[in-house]
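Visitor: Please take me through the cavities of this model, one at a time. I would like the cut-offs stated along the way.

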Amino acid sequence: MSEATANGAVDNSRRTWLITSCAMGGVGAAAVAVPFVSTFQPSERAKAAGAAVEVDLSTIAPGEKKVVEWRGKPVWILRRTPEQLASLEKIEGQLADPNSDRNAYPTPEYAKNRHRSIKPEFLVTVGICTHLGCSPGDKLTPGPQPSLPDDWQGGFLCACHGSTFDVAGRVFKNKPAPDNLEVPPHYYVSDTVLLVGEEKKA
């Protein structure tokens, strides 16, 4: 075998070894990077402890409700229709705490209004009855229905003991539930993204 041929064979085997080493190194780096990048996502334990939850509002049609979990609680995001918003003023005389003044579940200042929200269109509330912790059901259709008054404007009914709430989560008078539904801390990251569990920093 000539010296040139021998050198060519050595160069080829070195090139093959280098290519193989680089390829394996790249695969190894990717394998290490995937779990490292995933550490930026909140863990299940962090979510349970109260990590904020991002919600895409563009998927919720008017009149629809989406449920997400925050601190182990169901949080409702209801996209209210103009008719539902108009009903809020009609029933204020029937409510136990229309202005959210009670402080067993303090209402954030930005939700101390008739619609109890930052944006009138969206209700953001914890879906747990303030009586014994049951989860009320949707009764969003207005009109007479079992366990509801004939002039029902739409809202929520806790079937456990009959507490009723309007579409702003405000409790009606003479019901077992002592308080309005809780409004969790939240703010809008953009027009279509809501962050539940944090308030906007000044």
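Guide: About 40 Å³ of space lies in the second largest cavity. A cavity here is a set of points, on a 1 Å grid over the protein atoms alone, where a 1.4 Å probe fits but cannot get out. Grid points are joined across faces, edges and corners, and the volume is the space filled by probe spheres set on the points. The model is predicted: local features need pLDDT of at least 70 and side-chain atom pairs count only at pLDDT 80 or more, while totals for chains, interfaces and linings use all residues. Residues are numbered from 1 along each chain as its sequence is written, and side-chain values use heavy atoms, with hydrogens and water left out.

The lining of this second largest cavity consists of Ile91, Gln94, Pro149, Asp151, Trp152, Gln153, Gly154 and Phe172; a lining residue has an atom within 4 Å of a point. By class, four of them are nonpolar, three polar and one charged. Ala, Val, Leu, Ile, Met, Phe, Trp, Tyr, Cys and Pro count as nonpolar, Asp, Glu, Lys and Arg as charged, and the others, Gly among them, as polar.

The structure holds two cavities of 30 Å³ or more. The largest cavity has about 50 Å³ of space. Around the largest cavity are Asp97, Ser100, Arg102, Tyr105, Thr107, Arg116, Asp179, Asn180 and Leu181. That lining divides into four charged, three polar and two nonpolar residues.

Technical notes. On a 1 Å grid over the protein atoms alone, a cavity is a set of points where a 1.4 Å probe fits but cannot get out, and a pocket is an open set with protein on both sides within 12 Å along at least five of seven lines; lining residues have an atom within 4 Å of a point.
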